[in-house]
Amino acid sequence: MRTEICPTHGDFCTSFETQIHITNSDVEVLEQNCLGQGKLALKDGATRLLPIAHLIRLLKDAESKLQGVHAHPRDLTLVGVRTEDAQGLTLFVARKATRQRRLDEDLAEETHAERECAKGLVCRISPLIDRLHERQLSTEQLCTALSAEADPARARAAFVSLASSSDPITDGAKIIHEGTNDQPKRSVQVQGAEIHRVVGRVVSVDQGTRSCRVRLASLPEPSSIFTEKDIGVRVFDVALVEDVGWLLASLAASLSESLEMKLTINAKFDIRGGVNFSATLVGFPDAKKASKRLEAALAESMASLF
């Protein structure tokens, strides 16, 4: 019996152990088809690659096996992997062969092009990550930079992955991302630094959070955050910090009317490439005009009832 030390759970004693036996579940990947890897350089020739999903299944099977043979109470036991063993794992990303038979030279050429494209994306994103860690990156700057990419969704996913990754990434020849000291995250948030004019249809109001939900209706001026594709589709919450805003938003919601607002906008980017916005109301370009328009709409609505 040995005594181990777990970083989270402290000292404990091991009574049994097992090993994972891999049989006919790994995939051979040629070196020329490898898009990237974790910490170690590839060996010459081919590498046997075990899919992560199958590895997780093997770990769960091994956990069940150990839990079935020990006699300790379940709430007093922990099944795990030694930290140094886990750190010794190297994860690869490799391109799979298509169903149609292809020449290795063609596949290798495409893989090389894809790898160079990914490296270029990392080079363009890295300065944004540095500014994020220095707390100097705004919603406007990030949205403008990522929207300029050929595939904005992929760029957003890459940004979140690199911004929250604690491990270095290499392409087999050199390190293309150093990693950070932060714990991995599934999303990254940035704050807005500018005031934006938008017209939104008030969908609902929430008295508990003193906010309203708005569907983007139009853009009175060019936006560094929203695009034409967002109009009529993008929905976000707006915090109402003053009574006038709450009153007009409530009236607009009851009448299904739109409001032109001045907002500061924050963004939350997730690991899948999606982005969600939230905003804080700064004011209205013309509150009196908006109020009169809503009062007229209310009067017309009331008249139609009689």
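Let's start in the middle of the fold: the largest nonpolar core has 49 residues, and those that touch the most other members are Phe 159, Phe 236, Val 238, Leu 259, Leu 263, Phe 269 and Phe 277. The largest share of this core, 7 residues, is supplied by helix H6 (residues 243-255). A nonpolar core here is a set of buried Ala, Val, Leu, Ile, Met, Phe, Trp, Tyr and Cys residues joined through side-chain atoms within 4.5 Å. Buried means under 20% relative accessible area, exposed means over 50%, and partly exposed is in between (1.4 Å probe, protein chains only). In soluble globular proteins, nonpolar side chains tend to be buried together.

Before going on, a word about what you are looking at. This is a predicted model, in which local features need pLDDT of at least 70 and side-chain atom pairs count only at pLDDT 80 or more, while totals for chains, interfaces and linings use all residues. Residues are numbered from 1 along each chain as its sequence is written, and side-chain values use heavy atoms, with hydrogens and water left out.

Now the overall picture. The chain holds 7 helices and 14 strands; these are DSSP runs numbered from the N terminus, with helices (H or I) of at least four residues and strands (E) of at least two. Of its 306 residues, 31% count as buried. The chain exposes about 19900 Å², with carbon and sulfur atoms supplying 52% of that area; accessible areas come from the Shrake-Rupley method with a 1.4 Å probe, and for residues only the protein chains shown count as cover. Among contacts with a separation of 6 or more, 62% are between residues 24 or more positions apart, where contact means heavy atoms within 4.5 Å.

Val 238 lets you see such contacts up close. Val 238 sits in strand S12 (residues 235-239) and is buried, with a relative accessible area of 0%. Leaving aside neighbours up to four places away in sequence, Val 238 touches Ser 211, Cys 212, Val 214, Leu 263, Ala 279, Thr 280 and Leu 281. Take Ser 211: Val 238 and Ser 211 are 27 residues apart in sequence, yet 5.5 Å apart in space, C-alpha to C-alpha.

Next come the charged pairs. A salt bridge is a side-chain nitrogen of Lys or Arg within 4 Å of a carboxyl oxygen of Asp or Glu, and the count comes to 6. In one of them, Asp 237 meets Arg 213 at 2.8 Å, N to O. Asp 237 lies in strand S12 and Arg 213 in strand S11, so this pair ties together parts that are 24 residues apart in sequence. Asp 237 is partly exposed at 32% relative accessible area, and Arg 213 is partly exposed at 38%.

Another salt bridge joins Arg 124 to Glu 149, with the closest N and O atoms 2.9 Å apart. Arg 124 is in helix H3 (residues 104-133) and Glu 149 is in the loop between H4 and helix H5 (152-163), so the pair ties together parts that are 25 residues apart in sequence. Arg 124 is partly exposed at 46% relative accessibility, whereas Glu 149 counts as buried at 16%.

Finally, look at helix H4 itself (residues 139-147), whose buried residues are Thr 139, Glu 140, Leu 142, Cys 143 and Leu 146. Seen down the axis of H4, these residues fall within an arc of 170 degrees, so they line one face of the helix; the arc is that of the directions from the helix axis to the C-beta atoms.
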